[in-house]
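Trainee: I would like to learn how to read contacts in a model of this kind. Where do we start?

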Protein chains: 2
Amino acid sequence: MPKPALTREDVLDAAARLVERHGPGALSMRGLAAELDTAVTSIYWHVGNRESLLDALAEATVDRLATVRATGRTPRQRIVSVARALRRDLLEHPQLIAVVHERGLTERMFVPAQRALIREVHAAGLRGARAAAAVRAVQFQVVGYVLVERNRERAPVRARGGAARWDASAADHDPPLARALAHPVDSERLFVTSVRALVDGLLTR
Amino acid sequence: MPKPALTREDVLDAAARLVERHGPGALSMRGLAAELDTAVTSIYWHVGNRESLLDALAEATVDRLATVRATGRTPRQRIVSVARALRRDLLEHPQLIAVVHERGLTERMFVPAQRALIREVHAAGLRGARAAAAVRAVQFQVVGYVLVERNRERAPVRARGGAARWDASAADHDPPLARALAHPVDSERLFVTSVRALVDGLLTR
DNA sequence: ACCTGAACACCGTTCAAGT
DNA sequence: ACCTGAACACCGTTCAAGT
């Protein structure tokens, strides 16, 4: 039986899998061809070149991001829920999100969440420039976190001992603090804490 | 006159310049050799290979980070001043900071600022796990911002029109908000706003 | 101790040629 | 319209050989 024809979608899917598994750096046109059991040059016919392949990957990732629904009673709770949902979505494909960010599509990636954030910030009583700043502050907070977390995963922990020593010396009078800083970060917890604090700070005053 | 002997420092300096100018991806061993007017293989004698060259670059960048001094009267002001100083330091060499982050040295990079943050958070009355969370929240906030900003510079703005259309539709009843969101972000301003809000949220309650 | 060129296995991309 | 192999210029790295 003849080999089924290669489609642009086949190429994008395989590329997305490879990127998600080992990062964008590990995506080679030749390796991708091997994965698809085809000649390297066929890929060029379908997607142009490596650059536009990554562009297409970024676009597809942005388009696949679902609209977030806010949950909770107060605007504060609802904003935090949007941030958490957004982070969860992004963390499902951290490497692809990194590609999106690298290619300058970060703003577009936020469009669905932005609508929800605008609504909630408005409901909380913020208007005009202050509302815009609040929306953007939350957006930056979320992407920043995801980018930081992504690299924390890839490069587990090095020189932990060194950091712990410093912490101890600086937090001498507060052993619980020193102990807390010696433990690895609980990202989810820290994220929620930070977003809550940020939102509180943005809404009050 | 004979060519002056090549040193490890020569190699690291030239590499740092190349990375800072065009990003880590643009650093090739052969290009570096050309820049230093030497054979590629000499570089290997001095720094091992590309991987450990980047490691060394990250280490050197971390070591060069000056200790930050807090300024201002209240703990709140002093924490914000540390965050701003840190961001300023990091933004001076955004590409090298990205290398540091990629190689998992982010925590070590923060050691100097961490001492200052611990002191101020303590002065603000936080203790134990809550103090640790506050310190880390500020740290994450700063790196996150720098990482986001670095990519914003590299990939200016694309599809601005698309984003503007969405914003308008979502912020219909608040023209100033719509206008504010259509303008490009003032990163410095947004950063200060966010850090203030975060710190306020962390300290109160 | 330091530097060199040759060589290897990889890479992205182009192109002329096939069906 | 789709796929192919050959070829080009690049890359990181190793190694045996020089001084």
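Mentor: A polar contact is a pair of N or O atoms within 3.5 Å; within protein, one must be able to donate a hydrogen and the other to accept it, and residues adjacent in sequence count only if both atoms are side-chain atoms. Here a polar side-chain atom of A:Arg30 lies 2.3 Å from a base nitrogen of DNA strand C. This is a predicted model: local features need pLDDT of at least 70, side-chain atom pairs count only at pLDDT 80 or more, and totals for chains, interfaces and linings use all residues. Side-chain values use heavy atoms, with hydrogens and water left out.

Trainee: Which side chains lie by a phosphate oxygen of DNA strand C?

Mentor: B:Ser42 has a polar side-chain atom 2.7 Å from one, and for A:Tyr44 the distance from a side-chain N or O atom is 3.1 Å.

Trainee: Which residues come nearest to DNA strand C?

Mentor: A residue is near a strand if one of its heavy atoms lies within 4 Å of it. Of 18 such residues, A:Arg30, B:Thr38, B:Thr41, B:Trp45 and B:His46 come nearest. Sugar and phosphate make up 48% of the DNA strand C atoms within 4 Å of the protein.

Trainee: How is the size of an interface given?

Mentor: It is often given as the accessible area lost when the parts come together. Buried area is that loss (1.4 Å probe), summed over both parts. Between chain A and chain B about 5,300 Å² is buried, and carbon and sulfur atoms give 66% of it. Eight residue pairs across this interface are in polar contact, both residues at pLDDT 80 or more.

Key. Residues numbered from 1 in each chain as written. Chains lettered and ligands numbered in written order. Buried area = accessible area lost by both parts, 1.4 Å probe.
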